[in-house]
Amino acid sequence: TYFANERKIYEDYDNWSPENSHNEYTGYYSMEGALSKSINTIAVDVFMKAGASNVIDLAKRMGIESDLPPYPSLALGTASVSLEEMVCAYASIVNGGKKVSPYYLKSIESNADKALEKFKNVQPNDSVASPENCHIITQMLKSVINEGTGNAIRSVWGIDSEFAGKTGTTNDQADGWFIGMTPRL
C-alpha cells in the first residue's frame with residue numbers, strides 16, 4: 001500500500017495537524033519509505049488506520065508500561081517512555097516477537113576474580129508479536145539505516161554489519177535520538 005504524503009487536519013483532536021520536518025507534502029510512500037525518511041504525516045495516517053487501541057495494546061505487550069494517550073501524535077513519539085522500555089520493545093522485535101526482560105547483573109566477583117554470586121538470565125517465554133511482522137518491521141528499520149535518516153551509522157561511523165534502527169527529533173530539532181538493534185550485539 002502506498003500512502004499520500006499530504007497534510008491532514010484531525011478535527012476530532014482540536015484541529016491538530018502533523019508536520020514533516022522539511023515541510024514537504026508531495027508524493028506517495030510505502031510504509032518502508034515513509035519510515036526510512038521519517039514522514040510524519042504518513043506515520044500518523046497509518047496509526048489512525050491501525051487504531052490507537054491496537055497500537056497501544058501491542059506497545060504494552062512489548063514492554064511499554066508508560067502512559068500512552070490515544071492521540072494521533074502518539075505516532076510521532078509524544079509519550080514519555082523510558083529508554084529501558086524502548087530497549088525492551090526493540091529487543092522483542094529483533095527477538096522475533098518474544099518478550100525480552102532486562103538482564104543487568106551476570107555475577108558478582110571478588111577482587112581475586114572469585115565468583116561470589118552468579119545470576120541466571122531468566123527470560124519470559126511470552127510471544128508478544130508474530131515473527132513474520134517482526135521480520136517485516138526489522139526490514140523496514142534496516143532501510144532507515146541503509147538509505148534513510150539513520151544512514152550516518154554507515155557513512156559517518158562506518159558500521160557495516162546488519163543493523164536496523166529509528167531516528168527521531170523534537171520540534172525545532174531541540175532533541176534528537178536514535179535507537180538501533182542488531183542480532184549480533
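1. Contact here means heavy atoms within 4.5 Å. Ser92 has 0% relative accessibility and counts as buried (buried is under 20% relative accessible area, exposed over 50%, partly exposed in between, with a 1.4 Å probe and protein chains only).

2. Some housekeeping: this is a predicted model, where local features need pLDDT of at least 70, side-chain atom pairs count only at pLDDT 80 or more, and totals for chains, interfaces and linings use all residues. Residues are numbered from 1 along each chain as its sequence is written, and side-chain values use heavy atoms, with hydrogens and water left out.

3. Ser92 sits in helix 4 (residues 83–94) (helices are DSSP runs, H or I, of at least four residues, and strands are E runs of at least two, numbered from the N terminus). Tyr90, Ser92 and Ile93 of helix 4 meet Cys134, Ile137, Thr138 and Leu141 of helix 5.

4. Now the salt bridges (a side-chain nitrogen of Lys or Arg within 4 Å of a carboxyl oxygen of Asp or Glu): the whole structure has 5. One of them pairs Lys8 with Asp45, closest N and O atoms 3.0 Å apart. That pair links distant parts of the chain, 37 residues apart. Asp45 is buried at 7% relative accessible area, while Lys8 is partly exposed at 26%.

5. Asp45 also bridges to Lys49 (3.3 Å, N to O), both in helix 2 and 4 residues apart. Lys49 is exposed, at 58% relative accessibility.
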